[in-house]
Amino acid sequence: MDKHTIKWLILGAGIRLYLCFSDWAHILGNRVEIATPLNSFKRVNEGVYLLKQGINPYDGDMVHEIPVILWILKFASEYLNSWLPILYVFIDIFTGCILYHVSKIFVRRKFKVQSEELQKYAKDTEELQYQPNDESTIPFLVLMAYLFNPLSIFNCAGLTSTVFSNMFLSLALYALVDHHLMLFLFSVVIESHRNLYPVILLAPAVLVFNKSGKVKAILHIALSFVVLSIAMFRLNYALMGDKSWNFIDGTLGFIFFYRDLQPNIGLFWYFFTEMFEHFRTMFLITFQMNATVLYLVPLSLKLRKEPILLATILIGLMSIFRAYPCVGDVSFYLALLPLWKRSWKFMVHNFIVFCFFVVSLCMLPALWHLWIYSGSANANFYFGATLAFSTGQIFLVTDLLFAYVKREFCLFNGQKIIVQGKEAKIVLG
């Protein structure tokens, strides 16, 4: 990294440190858009306190972080005391650095592929091709999109454990672009134990690490993932003083069975609040499938030549449809959008998505206040804003996918398609 980039890192860290040690930290840490039952600092702090007292933190229904992270935070709190927010800021800035290097390697590999296929490209597609300055501008845009996104800043200032999630996901992406299988498996195993949904990132891993298409390689990746998962379960079990397995139900079970109906920016809470109990199992399975396997096969087939885009879209979809989403999850995949800078020309819903994001994010705190404190609104108002926010994200993810497909078509067929003597417009239905 050059001195110019380091200055931006220092500025991003300074903003986060200022908010972490200001009155805003308490306010942000209590917002339902930022803190959920899974990532709340209060709940994690409660788990650390129970560990120090020799009490199993999973005997109740307050703590849902895995034992490994609780023990790390336990030791960190003993050494840092009131300076613990520095750890969260460091991890968040470290995540930005990883994403910067991910984009550097990604652009380099894109240049290599482009040089091999350049003769096949149509003549009028220069603006769709990666340019020499992209090797510096795209990584810089990715870094800026993560460091100075208000959602990312608020997530860090609220001291949510989503900063750990973003770090592990960034490590997984780094492992994908630089072809480090064990680093990828290590990152995804930990994050899957914490949040369940990242297990679907095995799909892009198969595309990256199995270029030959042999079943043997797929089995190797799957078996390695299972072995590391078992090792992680054993490690968590060993860290529990009373040798109890109830941490599984307190983490993965809590996510899958969706036991806490506290409102958030997702779609689960409203449906399961209103639903009759005898329909709960059917809708629970349907919602969880929607967040994991429903889109996995068709997207993997369509994007088999672009596993990093597949990973980006899967991260976006699980951020939208997961049981306990927060703005920190959204900020992570938004930072990956500059990787697809050369497809932006074909993204047609930018203004609509921007309006959805700005209006819904401004309305969420106001409607929460009207509902909970003023009593002049109800759950329908708040859910309407969360539904608008999710709709905006769906527009964004689908627009990115369609833009990529249009760019690939135009690269080889030209941007001007003539049908019966007239220029045709490319439309994907």
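Start at L364 in this predicted model: helix 18 bends there by about 30 degrees, and a proline, P365, follows within four residues.

Now select the whole of helix 18, residues 350–374. With 25 residues at 1.5 Å a residue, helix 18 should span 36 Å, and its end C-alpha atoms lie 35 Å apart, so the two values agree. Step just past the end of helix 18 to G375, which takes a positive phi of about 70 degrees.

Go back into helix 18 and show the side chains of V353, F357, S360, L364, L367, W368 and W371, the buried residues of this helix.

Next, select N155 in helix 7, residues 150–157. Is N155 buried or exposed? Its relative accessibility is 0%, so N155 counts as buried. Beyond its neighbours within four places in sequence, N155 is in contact with I34, T160, T162, V163, N166, C326 and G328.

Select F256, F257, I285, M289 and V293, which make a nonpolar patch of about 420 Å². Helix 12 (246–257) and helix 14 (280–291) each supply at least two residues of this patch. V293 sits in the loop between helix 14 and helix 15 (296–302). V293 counts as partly exposed because its relative accessibility is 43%, between the limits of 20% for buried and 50% for exposed.

Methods
Residues are numbered from 1 along each chain as its sequence is written. This is a predicted model: local features need pLDDT of at least 70, side-chain atom pairs count only at pLDDT 80 or more; totals for chains, interfaces and linings use all residues. Side-chain values use heavy atoms; hydrogens and water are left out. Patches are made of residues with over 30% relative accessible area and no salt bridge: like charges are joined within 9 Å, nonpolar side chains (Val, Leu, Ile, Met, Phe, Trp, Tyr) within 5 Å. Accessible areas come from the Shrake-Rupley method with a 1.4 Å probe; for residues, only the protein chains shown count as cover. A salt bridge is a side-chain nitrogen of Lys or Arg within 4 Å of a carboxyl oxygen of Asp or Glu. Buried means under 20% relative accessible area, exposed over 50%, partly exposed in between (1.4 Å probe, protein chains only). Contact means heavy atoms within 4.5 Å. The expected span of a helix is 1.5 Å times one less than its number of residues. The bend at a residue is the angle between axes fitted to the seven residues ending there and the seven starting there.
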